[in-house]
Amino acid sequence: MITAKRQRRGSLLLTVLIVVVMLTLTCAAFYEWSFAEYKAADVGQRQLQTKLAAESGIEYVRYFLALDEAVVASEGGKTNNPADMQAILSNMEGQIADQPGLRCRYTILAPALDTYGEFAGYRYGLEDESARLNLNSILVADARDPDAALGRTLLMGLPGMTEPIADAILDWLDEDDEPREFGAERDHYSSLSPAYEPQNGPLESIDQLLLVRDVTPELLYGFDRNRNFFVDADEAQLYGVENVDNSTGSMNRGWASYLTLRSGEKNLRADGTPKIDINSDDLETLHQELSEVLDAEQANFIIAYRQGGPNEEDDEESDEVEDVGGQTEQRKSAGSLDFDYEQNGSVPINSLLDLIGTETRVVENGQTQRTIVEEAFPNEPGAMAAYLPLMMENLTAGGQAVIPGRLNINQAPRVLLEGLSMTMPEALPPQAVEQILANRSFEPAIDQPDQMYETWLLSSGVLTLEQMKQLMPMVTAGGDIYRAQVVGYYEADGPYTRLEAVIDNSGVIPKISSVRDLSPLGAGFTVEQLGAMDLAPME
């Protein structure tokens, strides 16, 4: 009997032990699950925080671009401004945290260029989209002289470009189905498996070029697959571009680094007010507006030019010349003119440069008189350095609100300037490209105000007047659409978010044109590169 009781007690003890072990294992499993869930939630929350930080950086860029140009210049500008673009705290807790793991920041980056116009790493600032070749505007250049194939020549300036690929890109963009000399149209793409049709219109993404015949990822993106503006050691080993000379690193980032779908500058003064349209029909009001920004001689000359057009006769240098008909031809300064504002301004001015180095004639009662109005805008570098900035800042010969697609000579890489020289050698000879690279300012509003307008090439003697007239429709000195790569990160090791945004400031307020998440390509940058701030421990 006693033995039976002891057996029952022993089995009960064993049962209790088993239950305790099971409960312990269950609790341990629950703890592991709970801890894993906590860690996952924490990682998710921290990842979300970096995403919000990167998005805050994009909004900060919008705010920065909305500031007055003078304020932007005083703050350090848009091009290379670590004080305003690097390691900015994005979370309130981070302002008082003594642990790097709690401090979340964002940094704004863009590709840097060296003095030779070659890509050289990164900087803290914004990238002007006008420093890239606008693919969606390239057909406009092509239409200027179809026989000259200007569009093809522009594309041929890209490293590794071939005539068949250039023509295929242009065929992909144009509206017709007729292939160019070396191109490809609907017939080619419909024969593929799977078949598809060409865009036959503006691109929506640079990635669409991968659908164009013979365009490869290696050509489009080069070596820099994680898009951090330089070639990492593993990228140099894994990737390459066959039959392309990359000795200068021009193909490190591929064609995508030279191309854009959105670029343009607003046709306004620096303070945001409209420029004076010198082709306005109301000549009296036009004269009043001109007199506020130009001297009397210059304002009068523009009105006289609108009425009489350029004086194209080969006149003598004397003040009075008697012609064969016995009539006396007079010359006078524009400053002494009186105007009949009922007389129409029948002569349009196609370009501000048309006013330079030219004379006009007085028109009375609809008849051109023998009186020659002397030039008010001399074709002399010293004089142009004084009046051209005033003209470019305050006047316009076109009514469009935004001028699209021109190339920023102050920030464009060497490859694109040389490509433009190949396209228009008479207007932009190779030696002029070297002069631009040697003398230009990336942000002239800060350190070289005389280069704020593309006409600095004329006033500084880099180009002649005729060359500048040819080149001016293709170039600018700055744009109003920007690209930025914004990284949200913690100072300590942890998650990150990389966003690439294009912000359009050519309208009333800056707006976001596109955002691309680059996070799947990797961190790209170390915390040391992005920036951190060591704070003293809290007391």
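Biologist: Is K78 buried or exposed, and what is its relative accessible area?

Modeller: K78 is buried, with a relative accessible area of 9%. Buried means under 20% relative accessible area, exposed over 50%, and partly exposed in between, with a 1.4 Å probe and protein chains only. Please note that this is a predicted model, in which local features need pLDDT of at least 70 and side-chain atom pairs count only at pLDDT 80 or more, while totals for chains, interfaces and linings use all residues. Residues are numbered from 1 along each chain as its sequence is written, and side-chain values use heavy atoms, with hydrogens and water left out.

Biologist: With which residue does K78 form a salt bridge?

Modeller: Side chains of opposite charge can pair when their charged atoms come close. The rule used here asks for a side-chain nitrogen of Lys or Arg within 4 Å of a carboxyl oxygen of Asp or Glu. K78 forms such a bridge with E69, and their closest N and O atoms are 3.3 Å apart. E69 is partly exposed, at a relative accessible area of 30%.

Biologist: How many salt bridges does the count come to?

Modeller: By this rule there are 28 salt bridges. In one of them, E491 pairs with R103, the closest N and O atoms being 2.7 Å apart. This pair links distant parts of the chain, 388 residues apart: E491 is in the loop between β17 (481-490) and β18 (496-504), and R103 is in the loop between β1 (88-89) and β2. Both E491 and R103 are buried.

Biologist: How are these helix and strand labels assigned, and how many helices and strands does the chain have?

Modeller: Helices (H or I, at least four residues) and strands (E, at least two) are DSSP runs, numbered from the N terminus. The chain has 18 helices and 19 strands. Of its 539 residues, 48% count as buried.

Biologist: Where does a cis peptide bond occur?

Modeller: A cis peptide bond joins S193 and P194, with omega about 0°. P194 is in the loop between α7 (186-190) and α8 (217-221). The loop between α7 and α8 also holds N200, which has a positive phi of about 50° although it is not a glycine. N200 counts as buried at 17% relative accessibility.

Biologist: How many cavities of 30 Å³ or more does a search of the whole structure find?

Modeller: Rolling a probe the size of a water molecule over the atoms shows where empty space is left. On a 1 Å grid over the protein atoms alone, a cavity is a set of points where a 1.4 Å probe fits but cannot get out, and lining residues have an atom within 4 Å of a point. Grid points are joined across faces, edges and corners, and a volume is the space filled by probe spheres set on the points. The search finds two cavities of 30 Å³ or more. The largest cavity holds about 100 Å³ of space, and its lining includes P111, R123 and F442.

Biologist: Which classes of residue line each cavity?

Modeller: Ala, Val, Leu, Ile, Met, Phe, Trp, Tyr, Cys and Pro count as nonpolar, Asp, Glu, Lys and Arg as charged, and the others, Gly among them, as polar. The lining of the largest cavity has six nonpolar, two polar and three charged residues.

Terms used: On a 1 Å grid over the protein atoms alone, a cavity is a set of points where a 1.4 Å probe fits but cannot get out, and a pocket is an open set with protein on both sides within 12 Å along at least five of seven lines; lining residues have an atom within 4 Å of a point.
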